Amino acid sequence: MTLHKTDDECGRSMVEILGVLAIIGVLSVGGIAGYSKAMAKHKLTKTQDQLQLLTINIRSAFAGSASFEDLDNISAIKLNVVPAEMLPNGLGKTTDITKESGIINAFSGGVIVKAVDGNKQHFSIKFTKLGGATCTSLASSDWGTEGLVKMVVSNGTREVESYQENLPLSATIAVGYCNGTNDQNSITWEYY
C-alpha cells in the first residue's frame with residue numbers, strides 16, 4: 001500500500017523544524033560571542049584613551065606649578081581634568097565632591113590620581129579592578145617614553161615594578177602579574 005500526500009498534509013516535519021532551530025541556536029551563540037569580544041575590545045580602547053587623556057589634562061592643569069603636590073582625586077575633579085564619563089552619575093559640580101568621590105575606568109574599577117609620595121614632581125594614575133586579559137594588554141602596551149617613569153602591575157598578592165628602560169612589559173611577564181581576580185588586578189603608571 002502506497003501512501004499519497006493529500007492537501008491536508010502540507011507543512012514541515014518536526015525534524016525540519018528542529019534543524020532550523022539548531023541552526024538559529026548556533027548562529028546566536030556565535031553572535032553573542034562576537035558581541036562580547038567586540039565590547040571587551042571597545043572597553044580596552046576606551047581605557048587606553050582615558051589614561052592618555054588624564055595624563056594630558058593633568059600636565060596641562062599643573063603646567064605652571066613647580067610640583068604636583070596638591071594633586072588627588074578631589075583636586076583633579078575640581079580642576080576638570082577628569083572626563084565626565086569617568087565620574088559617577090551626577091558627580092561633577094564642586095559642591096558634590098567629597099573625600100569619597102571616585103573616578104571610574106571603563107571597566108567600572110576605581111582610578112586614583114595623586115602626587116607621588118616622596119617626589120612631588122611626579123604623579124601617578126592607578127586603574128583598579130582590571131580583568132586578566134585587559135591587565136595583560138595594558139601592561140604590555142607601548143606607552144612611549146613621554147614622561148613615563150615607571151609602571152607597577154599587581155594581582156593582589158604579587159607585583160612587579162618596571163622602569164622606563166624596561167617598558168613595555170613582555171606579554172609573558174604581564175600574564176604572570178595579571179592573573180588575579182578582576183577585583184585584584186591593578187596597574188599604576190608614574191609620570192613626571
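Which element gives the largest share of the lining of the largest pocket? The views below, drawn from a predicted model, begin with that pocket.

**View 1. The largest pocket and the strands around it.** The largest share of this lining, three residues, is contributed by E2, and the pocket itself holds about 190 Å³ of space. Its lining is made up of Ile112, Lys114, Val116, Asp117, Ser124, Lys126, Lys150, Val152, Thr188 and Glu190, with two or more residues given by each of strand E2 (110–116), strand E3 (119–128), strand E4 (148–154) and strand E6 (186–191). By residue class, the lining divides into five charged, three nonpolar and two polar residues.

**View 2. Helix H1 and its buried residues.** The buried residues of H1 are Leu44, Thr47, Gln50, Leu51, Leu54, Thr55 and Ile58, and what covers them includes strand E1 (103–104), E2, E3, helix H3 (132–139) and E6. In an α-helix there are 3.6 residues a turn, so residues three or four places apart point the same way.

**View 3. The disulfide between Cys135 and Cys178.** The structure holds one disulfide, in which Cys135 is joined to Cys178 with an S to S distance of 2.1 Å. This pair links distant parts of the chain, 43 residues apart, with Cys135 in helix H3 and Cys178 in the loop between helix H4 (171–177) and E6. The torsion about the S-S bond of Cys135 and Cys178 is about -60°, and the disulfide is therefore left-handed; both Cys135 and Cys178 are buried.

Terms used
Residues numbered from 1 in each chain as written. Predicted model: local features only at pLDDT ≥ 70, side-chain atom pairs only at ≥ 80, totals over all residues. Heavy atoms only, no water. 1 Å grid on protein atoms, 1.4 Å probe; cavity = no way out; pocket = protein on both sides within 12 Å on 5 of 7 lines; lining within 4 Å. Points joined across faces, edges and corners; volume = space filled by probe spheres on them. Helix = DSSP H or I, 4+ residues; strand = E, 2+ residues; numbered from the N terminus. Nonpolar A, V, L, I, M, F, W, Y, C, P; charged D, E, K, R; others polar. Buried < 20%, exposed > 50% of the residue type's maximum accessible area, 1.4 Å probe, protein only. Contact = heavy atoms within 4.5 Å. Disulfide = S-S within 2.5 Å.
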